[in-house]
Amino acid sequence: MNTLQLAARNLVRNRRRTLTTLLAMIVGVVAVLIFGGYDRNIRLGLETDFVRGSGHLQIQHRDYFLFGSGNPAAYGIRDYAQLMQKLQADPQLAPLLQVVTPVLDLGGIAGNFASGVSRTVYGRGVDVAGQNRLKQWNDYRMVGLPQRSVALTGTAPNAAVVGTGVARVLQLCGPLQVKDCPQPLPVREQGSTMPADLAALPVASPAANVGRVQIELLAARASGAPNVASLQVVKAEQQGVKALDDISVQLHLTQAQQLVYGQGAPQVSAIVLQLRHSRDMSAARARLAQLLQGGSQPLVVQDFATLNPQYGQITGMFAAILGFVAVLIGAIVLFTVGNTMSMAVVERTVEIGTLRALGLRQAGIRRLFVSEGLLLGVSGALLGSLLALGLAWLINHSGLTWLPPGNSERIPLLVRVAGEYGMLLATAVGLIVLSVLSAWWPARRAARLDIVEALRHA
Amino acid sequence: MSAIEVIDLSRHYRLGSVDVPALRGVSLSIAANAFTVLSGPSGSGKSTLLNLLGGLDRPDSGHVVVAGQRLDTLDDNHLSDFRARHIGFVFQHFNLLPVLTARENVEYPLLLAGVAAVERRRRAAELLDAVGLADRAANLPGQLSGGQRQRVAIARALALRPALVLADEPTANLDSHTGAAIIALMRDMQRQYQTCFVFSSHDAQLLAAADHAVLLRDGQLQAPAAVKEAA
């Protein structure tokens, strides 16, 4: 009969109170694990989304991230093909890499001059094969991710994909089959009329445009001179964020380079690096710093969290909510166990006096009550974890979906509890520590009881 | 030869702002291997004296020597260890641990003393047999009658063969027939284990069975007289 056995029997002795306390702890553990699992899924889902879109790391001109949006062409990376080859051939870096692909961003004006409308846009030239490889990344085995290729796959070199907002403004909803696209009220023109040479662009080769959705993209060349490209819009795609949806134009990299650099040596805004595993980011970044050191261009490496500030904002928000829930539940557990132990001390005062009379030291009494708290904590953690695993399985198989911020498609609502050993362990240890702490004060009080008074207790 | 020496022992309690003397300068010797009863009316100081003899309470002045050890020189931990080793207790309300079986209750003092499990079991079985409860070893206290519980308590008090067994009104919660049986058992055990038994009691049967009687009144010793010679 050791202290733990005695503690266990004391807990079983008052079944109803023990079960009530356990129930409070189990509900707490389930709440923390289910919300934690949801938070974990959001965090990994966001990471997966960003890594599939913009890679883990990007090599950029030193000033591109802060100043590049004003004039992307001015911050291009020269000789990018050689640099990509160097990275892919590096014996330390290459095993970590999954995809290395370039992108070129540009600012410009897209016009549907047949309808007499135009708008400013932000274009991105991409290597279609590279983009499709990026979208295969699924290190966290997320369920329900879109599996299709990028819309530019298999299209002509002058093809483009625009945001639905761009399609709406350029009055391309009909041919691009964009839903929710009402006809705007007529706006009285206040500016000067379009220059004749621009207005004449769509009619330059009217025969070639029959049956096509064509727009003109006017962009500034790296030298500052304007350049125009005729693009064939193959699709309008919802971008998830309206601000982006209203300006997005995606085109083939070669087309974008031709538009920005003309006959000059092509450059890119960034080299996108996708790693096999996110855990290799630090190692890859360190190696990249070594490889880029001393180069002729001022290049830096940015990670996906820096490139996508909303990642930190969203995960931070969820972490704050989870923290609040955990603190709230921790307080409930603290008071519930503390109350249970305090009642036990009062009820068992004579027993405490007897144990002390028989020769049990004060520390022995403390150990007995703390052991009861420990057993409550361990039982609550085990049962709560099991229940949370079962509940998570039910949720994950219920077919519930949700639309995350910034996404254009609904994804399955999942909670990641199974396999999240860190979270399970942290929750269990947290509960056990809280439970022991809650029992400590009543245990201390019990140990300090006057023996004679305790034996006289009615 | 005395098992206990009590030297000028005083103990006061405070009831609100009133100072109540429970013991006033009591000095006495209690013989080893004897059956000694502390007698006196309610409030005479019997229980206070018993608590001080057992090291459950500390005197305001004076001191107690049990088995050659001055109790007032021991700190709480050492006093606990001393009680575990040298003093057995039998309580009016039996005070068995309700979650332990009869055998485990008897084993508990042995556990505190660090006796090995096999030896604990052997001694508990022997003691339960001696008090006539060998067949009740696996019963919880709640499954035993009052007399049986007190038998278990006596077995527990004797588990470590202590120098001293203190019993506070051990028959007060028992009917006269059971009380007589318990007195007979304690007397028998006292002889068998050669231990000093000290009781507080009003029970005439117990007084009659005692080797020595100590009469207390108003916290003072009235008649530390031998009733009969120690066996």
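Mentor: Let's start with a polar atom of the side chain of A:T18, which lies 2.6 Å from the backbone oxygen of A:L11. Keep in mind that this is a predicted model.

Trainee: What makes the pair A:L11 and A:T18 a polar contact?

Mentor: The cut-off for a polar contact is 3.5 Å between N or O atoms. The atoms of A:L11 and A:T18 are 2.6 Å apart, so the pair is within that limit.

Trainee: Where is A:T18 found, and what does A:T18 touch?

Mentor: Helix α2 (residues 15-54) of chain A holds A:T18. Not counting residues up to four places away in sequence, A:T18 touches A:L11 and A:L376.

Trainee: Why is A:T18 called buried?

Mentor: Buried means under 20% relative accessible area. A:T18 has 14%, so A:T18 is buried.

Trainee: Let's turn to the two chains. How many residues does each chain bring to the contact?

Mentor: Chain A brings 20 residues and chain B brings 24 residues. The area buried between the chains is about 2100 Å², and carbon and sulfur atoms give 60% of that area.

Trainee: How do you know that B:E104 and A:R9 form a salt bridge?

Mentor: The rule asks for a side-chain nitrogen of Lys or Arg within 4 Å of a carboxyl oxygen of Asp or Glu. For A:R9 and B:E104 the closest N and O atoms are 2.5 Å apart, so the pair qualifies. Side chains of opposite charge can pair when their charged atoms come close. Across this interface the rule finds 3 salt bridges, along with 8 residue pairs in polar contact.

Trainee: Which elements of chain A give two or more residues to the side that touches chain B?

Mentor: They are α1, α14 (349-358) and α17 (451-456) of chain A. The most comes from α14(A), with 7 residues.

Trainee: What do the buried residues of α2(B) pack against?

Mentor: They pack against α14 and α17 of chain A, together with β4, β5 (69-70) and β6 (87-90) of chain B. Among these buried residues are B:L79 and B:F82.

Trainee: Why are B:R103 and B:E107 said to be about one helical turn apart?

Mentor: Because they are 4 residues apart in helix α3 (residues 102-112) of chain B. B:E107 has 7% relative accessibility, under the 20% limit, so B:E107 counts as buried.

Trainee: What makes the salt bridge of B:R11 and B:D57 a link between distant parts of the chain?

Mentor: The closest N and O atoms of B:R11 and B:D57 are 3.0 Å apart. The two residues are 46 residues apart: B:R11 is in strand β1 (residues 2-15) of chain B, and B:D57 is in the loop between α1 (46-53) and β4 (61-66) of chain B. Both B:R11 and B:D57 are buried.

Trainee: One last topic: what is the phi of A:Q177 and of B:F94?

Mentor: Most residues other than glycine have a negative phi. A:Q177 is not a glycine, yet has a positive phi of about 55°, and B:F94, also not a glycine, has a positive phi of about 70°.

Trainee: Is each one buried or exposed?

Mentor: A:Q177 has 69% relative accessibility, over the 50% limit, so A:Q177 is exposed. B:F94 has 9%, under the 20% limit, so B:F94 is buried.

Methods
Residues are numbered from 1 along each chain as its sequence is written. Chains are lettered from A and ligands numbered from 1 in the order in which they are written. This is a predicted model: local features need pLDDT of at least 70, side-chain atom pairs count only at pLDDT 80 or more; totals for chains, interfaces and linings use all residues. Side-chain values use heavy atoms; hydrogens and water are left out. Contact means heavy atoms within 4.5 Å. Buried area is the accessible area (1.4 Å probe) that two parts lose on being put together, summed over both. A polar contact is a pair of N or O atoms within 3.5 Å; within protein, one must be able to donate a hydrogen and the other to accept it, and residues adjacent in sequence count only if both atoms are side-chain atoms. Buried means under 20% relative accessible area, exposed over 50%, partly exposed in between (1.4 Å probe, protein chains only).
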